[in-house]
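Here is a friendly briefing to read alongside the sequence and the model. Take a look at both, and then we can walk through the sheet and the helices together.

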Amino acid sequence: MLQSQSPQRISVHFRSKLELGFEDSVSFWNRLSCKSCVDFSRRGSNNPPMPRPDAVRRVKSYSAADGYVYQYYFFEGNRAHRGVSHGGEFTYVVSADRHSAFPFKIFVMQSALDAWAKINGRPLSSSEEYAVAKMRLFQAFDEGSVQASPAGQPAGEVVVDESNLEELLGRLGI
């Protein structure tokens, strides 16, 4: 049968230990906590770290003028360059048959954005640049130019430049 100390005796014990200096009280609490804990070996965990889960993507649909219903989601946006042209690269993952998916890129040329900013007195915000890329994706769906690249080839891509930027912004009311 286990014997327990009376509460009065424990409180006297704590009070006398707390009256000691800081180092002694830390030592006391370390000894006390070791008596009331379960010992685990310091070897590696039996639960290895899990890989970081992929981000949850919202899959959207677009009914194109060519009769296909595409499913797509935004994957990532980066600053990139094509030769000497700098700009924003927006990558979407697209499916035309709901069985296979492939990356498709929209490259928004910085020179087109700079020219628009000079004419209109303000630059496009990052949200407006993303919206232009999405409008260009929809245009590519309607044209039927969104197709999977052959194995080992770079992802398909369309460009937003000076020739089509105003039209895309017009669709957005900007």
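Buried means under 20% relative accessible area and exposed over 50%, with partly exposed in between, using a 1.4 Å probe and protein chains only. Helices (H or I, at least four residues) and strands (E, at least two) are DSSP runs, numbered from the N terminus. This is a predicted model, in which local features need pLDDT of at least 70 and side-chain atom pairs count only at pLDDT 80 or more, while totals for chains, interfaces and linings use all residues. Residues are numbered from 1 along each chain as its sequence is written, and side-chain values use heavy atoms, leaving out hydrogens and water.

**The sheet**

- Five strands form an open sheet in the order S1-S2-S3-S4-S5, with mixed pairing; two strands pair if DSSP finds at least two bridges between them.
- Its edge strands are S1 (60-63) and S5 (156-160), each of which pairs on one side only.
- On average, neighbouring strands of this sheet are turned by 35° against each other, direction ignored. For such angles, axes are lines fitted to C-alpha atoms, for helices over the stretch in contact, and angles run from 0 to 180 degrees between N-to-C directions.
- Strand S3 (residues 85-95) is mostly covered, as nine of its eleven residues are buried.

- S2 (residues 69-82) and S3 run antiparallel and are joined by eleven bridges.
- Along this pair, Tyr 72 stands opposite Val 94, and Arg 82 stands opposite Ser 85.
- The S2-S3 hairpin has two residues between its strands, and Gly 83 in the turn has a positive phi of about 65°.
- S3 and S4 also run antiparallel, joined by eight bridges, with Tyr 92 opposite Phe 104 in S4.
- Six residues lie between S3 and S4 in their hairpin, where Arg 98 in the turn has a positive phi of about 65°.

**Helix H3**

- Which residues of H3 (residues 110-120) are buried? They are Ala 112, Leu 113, Trp 116 and Ala 117.
- These residues cover an arc of only 135° around the axis, so they sit on the same side of H3; the arc is that of the directions from the helix axis to the C-beta atoms.
- The buried residues of H3 pack against strand S4 (102-109), H4 and helix H5 (165-172), where contact means heavy atoms within 4.5 Å.

- H4 lies across S1, S2, S3, S4 and S5, running at about 55° to S3.
- Glu 129 lies in H4 (residues 126-143). Is Glu 129 buried or exposed? Glu 129 is buried, with a relative accessible area of 8%.
- Not counting residues up to four places away in sequence, Glu 129 touches Arg 79, Gly 88, Phe 90, Val 108 and Leu 113.
- The axes of H4 and H5 come within 9 Å and cross at roughly 100°, so these helices are roughly perpendicular to each other. Angles of 65 to 115 degrees count as roughly perpendicular.
- Residues of H4 that meet H5 include Ala 131, Val 132 and Met 135, and among their partners in H5 are Leu 165, Leu 168 and Leu 172.

Terms used. Angles under 35 degrees count as roughly parallel, over 145 as roughly antiparallel, 65 to 115 as roughly perpendicular and the rest as oblique.
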